[in-house]
Amino acid sequence: MIIVLKPQQNQEQIDSFVQKLTSRYDVTVNTWVGTHSTVLGLLGDTTAIDDEYIAAQDVVEAVRRVQEPYKKANRKFHPEDSVITLPGGQTIGGGRLALIAGPCSVESEEQICGVAEAVKESGAAFLRGGAFKPRTSPYAFQGMKSEGLELLSKAKKKTGLPIVTEIMSIEHLPLFDDVDVIQVGARNMQNFELLKRLGRLDKPILLKRGLANTVEELLMSAEYIMAEGNQQVILCERGIRTYETMTRNTLDISAVPVIKRLSHLPVIVDPSHASGVSWLIEPLAIAAAAIGADGLIIEVHNDPPHALCDGAQSITPAQFDSLAKRVTQVYDMVQAL
Ligand code: PEP
Ligand code: MN
């Protein structure tokens with residue numbers, strides 16, 4: 001971190017500020033005295049330093065961070081890719097494209113078990129399905145809640161597929177014992193109390209990027225989970241809100257290599273929420289596989305026109321079957337280049 005001091009600070013003021021910094025933070029301070037101003041270079045762990053606090057000090061003209069504000073998620077301190085491995089042996093990261101598939105919402109036993117069996121047959125390694133649904137309208141279907149979680153457990157028992165499902169409130173955590181990967185949805189990406197609580201679990205967390213959040217903010221949210229001890233975080237690019245209206249969101253495909261450059265955590269892509277339309281799922285999924293995403297999370301419904309949630313962006317099991325083959329081929333081909 002570089003701090004430029006206001007001109008005309010006397011030595012006593014500079015010394016007292018440096019003293020304040022070294023007593024407060026675990027850093028060493030180098031001082032360069034120029035003709036017009038003095039510049040301080042802070043070396044050490046600057047993650048705990050609040051830029052705004054520094055900027056608010058009387059002697060400070062400007063502050064510039066030269067190191068990222070996240071540490072545990074940072075590739076600089078963990079050069080190898082992280083691989084998330086489930087007790088059943090399923091992995092996310094590490095050179096295989098992980099396919100997570102299932103309906104937007106759990107609707108009935110037949111529906112979730114039928115879709116689970118079909119997507120497993122097509123190569124999915126994980127079953128997704130929402131039990132608690134974050135809906136824009138309070139009058140829209142809110143999910144089957146605890147009953148939905150029970151049905152996911154039944155589907156898991158039948159197929160062996162681990163469950164990926166969203167948590168919306170800390171209060172619901174006791175219901176999530178049988179859930180293998182807990183999803184934090186886009187709307188909760190900065191629910192810091194929830195992130196901290198999930199950070200104390202020994203269970204993978206799938207963290208989706210918020211609708212209007214930067215990559216750095218996503219990494220800072222991952223840091224919240226990791227700082228509490230849980231290093232099993234999977235990041236998900238699911239489209240961000242832009243001025244474009246042709247698609248539900250805009251898939252920020254460049255976020256995948258950008259995040260991978262900055263972080264060792266696995267990155268997956270959700271083409272369903274990014275596009276909002278079923279015909280766009282396959283091309284976006286192919287793009288994600290080609291660019292090196294570690295996995296895909298895709299909404300698959302047995303009867304999209306009658307889906308209780310997100311039918312327009314849901315693909316059928318038959319469409320998923322063809323997509324799964326193509327994306328896996330693309331992924332393997334690009335990795336082998
Ligand atoms: C979902 O995956 O069901 C979902 C609601 O996604 P997002 O949080 O990305 O909107
Ligand atoms: Mn959905």
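How are the donor residues of the manganese ion (ligand 2) spaced in sequence? The pattern is C-x168-H-x25-E-x10-D. The coordinating atoms are Cys104 (SG), His273 (NE2), Glu299 (OE) and Asp310 (OD), at 2.0 to 2.4 Å; donors are N, O and S atoms within 2.8 Å of the metal (3.2 Å for Na, K and Ca), and sites may look incomplete, since water is not among the atoms. Cysteine 104 lies in the loop between strand S7 (98-102) and helix H3 (109-121), and histidine 273, 169 residues away, in helix H8 (residues 271-275). Helices (H or I, at least four residues) and strands (E, at least two) are DSSP runs numbered from the N terminus.

The model is predicted: local features need pLDDT of at least 70, side-chain atom pairs pLDDT 80 or more, while totals for chains, interfaces and linings use all residues. Residues are numbered from 1 along each chain as written, chains are lettered from A and ligands numbered from 1 in written order, and side-chain values use heavy atoms, without hydrogens and water.

The residues surrounding ligand 1 include His273 and Glu299, both of which also coordinate the manganese ion. Oxygen atoms of ligand 1 lie 2.8 Å from a side-chain N or O atom of arginine 128, 2.9 Å from a polar side-chain atom of glutamine 183 and 2.8 Å from one of arginine 187; a polar contact is a pair of N or O atoms within 3.5 Å.

Key: Near = heavy atom within 4 Å. Polar contact = N/O pair within 3.5 Å; in protein donor to acceptor, adjacent residues only side chain to side chain.
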